[in-house]
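Colleague: I would like to go through some labels used for this model and hear what each one rests on.

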Amino acid sequence: MTEPSTKPSGRAGQGLRDMVLSLAALLVVIGVIVGFMRGCSFSPGGPSVDEGSLPSVDAAAELRSAATRVDFPVRAVALPQGWRANAATVSPVGTGSTATVAVRVGMITNAGHYLRLSQSNAPIPVLVVSEPGLDSDAPPNETGTQQAAGLTWTVYPGQPGEQTWIAKQGKVVFVISGAGTAAEKRTIAAAALSGAVLPTGRG
């Protein structure tokens, strides 16, 4: 008479291995989510950001460099005391005949709110969608206006809970998007419109 084997069958062993691998994958996903959540916190005035978890960039140097690579005037932007730039890019916007670029500076206010200032010569309907990062080809309808830095800014919906402010001066459209308050948007609008036009490097 043959004694029953005490070893797990091949199918049982494979099932155990699959469970262990699935658990390991789940732990990795949980770790990523926890890491992301540590970088954010709830704020009644909008989402706030843990400043220590984000990089810093030299916005002044990045804007000077950008001014030499685009075909529209770029203004210097002196951030208020306590604010910190954490990103700066020159990124394509629009397609076909409207294809151009936007010069962007992302920043964290002293209250921990995120704002992004964009300068571009793209059509306003393109920027209304691209600068707040909306997942749509159709621009949203305006919701009102705000006065800041001597200009009338048209207000559009942005990401949930956010507003996008847009104003044009000369050839350049200025876009302020993000979770900052109206007062913070006015502050960065004043900083942008009072900034000197940077040298283009094209003689």
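Colleague: What is said of G170 in the hairpin of β8 and β9?
Modeller: G170 takes a positive phi near 65° in that hairpin, which has 2 residues between the strands. The model is predicted, so local features need pLDDT of at least 70 and side-chain atom pairs pLDDT 80 or more, while totals for chains, interfaces and linings use all residues. Residues are numbered from 1 along each chain as its sequence is written, and side-chain values use heavy atoms, without hydrogens and water.

Colleague: Why are β8 and β9 called paired?
Modeller: Two strands pair if DSSP finds at least two bridges between them; β8 and β9 have 5, in the antiparallel sense, so they count as paired. Strands here are DSSP runs of E, at least two residues, and helices runs of H or I, at least four, numbered from the N terminus.

Colleague: What makes a set of residues a nonpolar core?
Modeller: Its members are buried Ala, Val, Leu, Ile, Met, Phe, Trp, Tyr or Cys, joined through side-chain atoms within 4.5 Å. Buried means under 20% relative accessible area, with a 1.4 Å probe and protein chains only. The largest such core has 30 residues, and V74, W153, I176 and I188 have the most contacts inside it. Its largest share, 5 residues, comes from α4.

Notes
Buried means under 20% relative accessible area, exposed over 50%, partly exposed in between (1.4 Å probe, protein chains only).
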